[in-house]
Amino acid sequence: MLSAGCVLQEVRRIQAARGSEEGGEDRLRTSEDTMAEIAPGARIAFLGTGIMGGHMARRLAEAGFNVAAWNRSRAKAEPLLASGATLTETPAEALEGAAAAVVMLSTGAVIDEVLFEGPALDALMPGAALVVMSSIPVETCRAQAEAAAARNIRYVDAPVSGGEVGARDGTLAILAGGDEATIADLSPLFAPMGRATRIGPVGTGQLAKLANQIIVGAAMAGVAEAFAFAAKGGADLANLRTALMGGFGDSKVLNLHGARMAAREFVPGSPAQYQLKDLKTAQALAGEMGLSLTLLDTLAGLFTDMMAHGGTDRDVSAIFEEVERRSAARARTGEEA
């Protein structure tokens, strides 16, 4: 896997090679000024068809895009065949001749491995866009953008919020960072998946996603503690959720994840391990910025404990059980004292 530093080394190698070719700089400027057309009928590579990516790829196929999908586990991509997508055996096959590539792989390191370690990106059309909708570190995103530019590929970071429901229904909040004209050109691609908003230059989409995850983590922990508090006093949690909806305590977290907590159904729609990954990324970046964010530190600790107590691959709403576990542990300590 390539680190951000290795990606930048690859950038310099490509730039040096192209700079030595006659007219190389002119070709770079030409491709930067020309955007491959993004419209229904265009070939779109989609890499990563997991819980959310599968729905997003399906919506693009149903909107008339020629979707070529790849996933490490082919079985997870096979439902897309019913929507008219094609499946490929390798990322390079999916990228071949595509006007844009949408990436929903798990981490920045995986994206580096799949796309930047070899020549895979060279299979894209000249002037194509690489749209990274995964949640990855800001510095990794910016290094990838530079590496993509060296290959004459436009780069947009566009992480999403809305969970599995948003991906299924096409109501995702798409947080886009990149060139304003490029993001505008990509609007037909974003429309079937949700509402896209440009935050600023490359990397700011990831910043917005991290800000979102701090808010979501805080809301999740707040609902979990409120439910644990009310349940201990004898409240019916399903009725409590219904009663709170419409008041100042209402939120999508209360609506969707509160229902999961009340029913104690924690099959992952939004795996908690990804919430923790984002919180830790935000925590590290805050430290680099010289910020002391007490709530963020508390949330990261809470979700870390959840992972240590069997929360891996469970839904993020299972933080409710970690709140209960902590309360029970403190009660036992008090009894022993």
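# Notebook: helices, cores and loops in a predicted model

**Entry 1, F227.** I began with F227, which lies in helix α11; helices here are DSSP runs of H or I with at least four residues, strands are runs of E with at least two, and both are numbered from the N terminus. I noted at once that this is a predicted model, in which local features need pLDDT of at least 70 and side-chain atom pairs count only at pLDDT 80 or more, while totals for chains, interfaces and linings use all residues. Residues are numbered from 1 along each chain as its sequence is written, and side-chain values use heavy atoms, with hydrogens and water left out.

Is F227 buried or exposed? F227 counts as buried because its relative accessibility is 1%, where buried means under 20% relative accessible area, exposed means over 50%, and partly exposed is in between, with a 1.4 Å probe and protein chains only. I then listed what F227 touches, leaving aside residues up to four places away in sequence, and found L237, L240, R241, L254, G258, M261, A262 and F320; a contact means heavy atoms within 4.5 Å.

Helix α11 (residues 204-232) packs with helix α14 (residues 272-289) at an angle of about 115°, and the axes are 9 Å apart; axes are lines fitted to C-alpha atoms, for helices over the stretch in contact, and angles run from 0 to 180 degrees between N-to-C directions. On the α11 side the contact is made by L207, K209, L210, Q213, I214, V216 and G217, and on the α14 side by Q275, D278, L279, T281, A282, L285 and M289. Sorted by class, this contact has 8 nonpolar, 4 polar and 2 charged residues, where Ala, Val, Leu, Ile, Met, Phe, Trp, Tyr, Cys and Pro count as nonpolar, Asp, Glu, Lys and Arg as charged, and the others, Gly among them, as polar.

I also followed V216 of this contact to K252, which is 36 residues away along the chain, with 9.4 Å between the two C-alpha atoms. K252 lies in helix α13 (residues 252-263), and K252 is exposed because its relative accessible area is 66%.

Which residues of the largest nonpolar core touch the most other members? Of its 36 residues, they are M56, L60, V67, M133, L189 and F190; a nonpolar core is a set of buried Ala, Val, Leu, Ile, Met, Phe, Trp, Tyr and Cys residues joined through side-chain atoms within 4.5 Å. Several elements each supply at least two residues of this core, namely β1 (43-47), α3 (53-62), β2 (66-70), β4 (100-103), β5 (129-132), β8 (172-177) and α10 (187-190). The largest share, 4 residues, comes from α3.

A second, separate core has 32 residues and includes A221, A282, L299 and F320.

Helix α3 is largely enclosed by the rest of the structure, because 8 of its 10 residues are buried. I wrote them down as G53, G54, H55, M56, A57, R58, L60 and A61. After α3 comes G64, whose phi is positive, near 105°.

N152 is not a glycine, yet N152 has a positive phi of about 65°, and I placed N152 in the loop between α7 and β6 (154-157). N152 counts as buried because its relative accessibility is 18%. R264 is likewise not a glycine and has a positive phi of about 55°; R264 is found in the loop between α13 and α14, and R264 counts as partly exposed because its relative accessibility is 44%.

Among contacts with a separation of 6 or more, 69% come from residues 24 or more positions apart.
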